[in-house]
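Subject: A structure to look at

Hi there,

Here is the structure I promised to pass on to you. Please open it alongside this message, and then read on for what turned up in it.

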Amino acid sequence: MDWPALSVSLRLAALTSLLLIPLGLWLGRTLALSRFRGKPLCEALVALPLVMPPTVLGFYLMQSFGQQAPFGAVWASLTGTTLNFTFSGILLASLVTNLPFAVQPIQRAFESIPPNLREAAWCSGLSPGRTLWRIELPLVWPGLVSALALTFAHTLGEFGVILMVGGSIDGETRTLAIAIYDRVQAFDESGAAVMSAMLLLVSFLTIGVVYGLAGRRRWRRG
Amino acid sequence: MAEPELPASQARLAVQLQQAGPIPLDADFHCEPGELLALVGPSGSGKTTLLRAIAGLYRPARGVIHCAGETWFDAEAGRSLRPQQRRVGLVFQDYALFPHLDARANVMVALDHLPAAERGRAAEQWLARVRLDGLAGRLPSELSGGQRQRVALARALARSPRVLLLDEPFSAVDQVTRRRLQRELALLREEIHIPIVLVTHDLDEAAALADRLCVLHAGRSLQQAPAEQLFRRPASPEVARLLDRHNVFTGRVAADDEGRRLQWGPWRLEVAEGLAGLRPGQRVSWYLPPSDVVLHRRGRPSRGERENPVQGQVVEMAVLGGITSVALAFDHCDDTLRFELPTHAARRNGLARGEAVGVSLLADGIHLMPDAPVTHPDR
């Protein structure tokens, strides 16, 4: 059992979810509530990682993370480190890859709130901030939980993008999914089996806990 | 415009809004404290938009809204209070209850101005006032349509609003519930002394509940008057049509030795008032309420027969229970004259399609609407 790989996988999944949820809330709500000319383009950009082969996405990310690319150069000048083959690099790649999993459920949830509920809250005296907290967030809660579950589970299982950007560095970029691939390449099938079972268990537990959270609501629309 | 001095008129709601598009508006109306004003008109006439503008949910291009001595909206001065600052109670057409909160919590949302400890009790008192005691713990999905409407009303009133706005509040419930809720609103009015604006497309509802009606068409306010006056004295043929009034005709002002008359086809009609201000030969639209048409009884002359007798042909007879609706056609005009009479009276007089009958058009009922553009006297 490759414990450092499990640790990298869990850290990556937790950090990706933690960072993507606030971003998904903001972006999902903005896309749901506003109408502007470039909206379909924005939605297409957000959804792009869903339809691209992971290796293609990984290839472009790897290219832009390089120090010759503008993004990689700016990152290097700001932090003094590079992105390719580092944990920061695979975290950033993971954020990009998982954007649609975080944004889309939240956007759908906000879209399903009737607009006059927000207006009723304003007429009742609630500020926009308190309306978000007391009315909108409880109503989008299931969408939020599903965004969290999808992001976490998808990050645990991500393979292609992480391999392209991070390679397989022990304790730094080798996730459990990559470790399994390495074991199989080395004809260590029993090692791969143990780790596969572990990944299966962790994924199942995460989804179970998250759906348990989402199911705890009494109200329904009516 | 100077602010009114009296406390009573300070609490008045005064609305003047204009814009060319996207939703055309040209409305001018007011509502006194304790008064119920109904905005009536066909769908798309801008009723709900006006209500939303009063609530601060819609911002028209031009105009002013004053309420409770404050300026809520003044386009020229660039002033527009947020909905939170206006203190309006708004009952939405679909009630817009918060589905994740029970009835008590729905009302408590509007009670943020009270100390936290008092909100729960105050919410229950409001629910009791709309006769929902015992249902405070129910979610909206566990309430009937009528009960939801009451929660929405309690929530709207809980903030001690300066104006109560009701957007088609009875349209989503069955007829029995509707009558009960209407009766309760009539009773509630005795307790709250703020302007109440009701939006409805149901003329009977407006006539039954409102002190005054404001007729709207394409965003334009055409006439404001109590229902009785509106139905007997519409300001224009357009208003008459919007109020589903028939019996709008055109005639000419005629002058003879006996004074001025209304020339309608072959008949010179006596008119109680309105002819004096018109010049002979002028074209004029006129309206006659169906109640002011008197049928001449066969073989037995009755009182009033001398008054504007005319002869027509029955072209339509619709029996609606105890009432029969009759339409008469005349050779000189395309429009029919409609009136109603008890079905037994129609039978006794042998009324039938194709028969020629005589009726009197009561001079008091004839209402003249000169073909001039409708103007607002105060503009």
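Let's begin with one residue, Val215(B). Setting aside neighbours within four places in sequence, Val215(B) is in contact with Val40(B), Gly41(B), Leu222(B), Gln223(B), Leu230(B), Val239(B), Leu242(B) and Leu243(B). Val215(B) also belongs to the largest nonpolar core, which has 143 residues. It is listed there among the residues with the most contacts inside that core, together with Ala38(B), Ile54(B), Val107(B), Ala154(B), Leu165(B) and Val197(B). As background, nonpolar side chains tend to be buried together in soluble globular proteins.

Please keep in mind that this is a predicted model. Its scores are ipTM 0.80 and pTM 0.80. For chain B the average pLDDT is 86, and 93% of the residues score at least 70. Over residues 1-6 of chain B, though, the pLDDT is below 50, and this stretch has 3 contacts in the model beyond near neighbours in sequence. The pLDDT is also below 50 over residues 373-379 of chain B, a stretch with 4 contacts beyond near neighbours in sequence.

Now for chain B as a whole. Its C-alpha trace spans about 80 × 50 × 35 Å along the principal axes. The secondary structure comes to 11 helices and 21 strands. Of the 379 residues in chain B, 39% are buried. If you take the contacts in chain B with a separation of 6 or more, 66% of them are between residues 24 or more positions apart.

Next, have a look at a sheet in chain B. It is an open sheet of 5 strands in the order β14-β13-β12-β15-β21, with antiparallel pairing. Its edge strands are β14 (267-269) and β21 (367-370), each of which pairs on one side only. Neighbouring strands of this sheet are turned by 45 degrees against each other on average, with direction ignored. Strand β12 (residues 248-256) is joined to β15 (residues 283-287) by 5 bridges, and one pair to look for is Gly251(B) with Val284(B). Another 5 bridges join β12(B) to β13 (residues 259-264), where Ala254(B) has Arg261(B) as its bridge partner. β12(B) and β13(B) are joined by a hairpin through 2 residues.

- Asp244(B) has a positive phi, near 60 degrees, and is found in the loop between α10 (237-242) and β12 of chain B. Asp244(B) counts as exposed because it has 8 C-beta neighbours inside 10 Å, and the cut-off for exposed is 12 or fewer.
- Asn308(B) has a positive phi as well, near 40 degrees, and is found in the loop between β16 (293-295) and β17 (309-320) of chain B. Is Asn308(B) buried or exposed? Asn308(B) is buried, because 25 other C-beta atoms lie within 10 Å and the cut-off for buried is 20 or more.
- Pro33(B) lies in the loop between β2 (25-31) and β3 (36-40) of chain B. With 19 other C-beta atoms within 10 Å, Pro33(B) is partly exposed. Pro33(B) and Ala11(B) are 22 residues apart in sequence, and 6.0 Å apart in space from C-alpha to C-alpha.

Finally, here is where the two chains meet. In this model, 21 residues of chain A are in contact with 20 residues of chain B. On the side of chain A that touches chain B, the elements giving two or more residues are α6 (115-123) and α7 (128-157) of chain A. α6(A) gives the most, with 7 residues. By class, that side of chain A has 11 nonpolar, 5 polar and 5 charged residues.

Enjoy exploring!

Best wishes

How values were computed
Residues are numbered from 1 along each chain as its sequence is written. Chains are lettered from A and ligands numbered from 1 in the order in which they are written. pLDDT is the predictor's confidence in each residue, from 0 to 100. Two residues are in contact if their C-beta atoms, placed from the backbone, lie within 7 Å. Helices (H or I, at least four residues) and strands (E, at least two) are DSSP runs, numbered from the N terminus. Ala, Val, Leu, Ile, Met, Phe, Trp, Tyr, Cys and Pro count as nonpolar, Asp, Glu, Lys and Arg as charged, and the others, Gly among them, as polar. Two strands pair if DSSP finds at least two bridges between them. Axes are lines fitted to C-alpha atoms, for helices over the stretch in contact, and angles run from 0 to 180 degrees between N-to-C directions. A nonpolar core is a set of buried Ala, Val, Leu, Ile, Met, Phe, Trp, Tyr and Cys residues joined through C-beta atoms within 7 Å.
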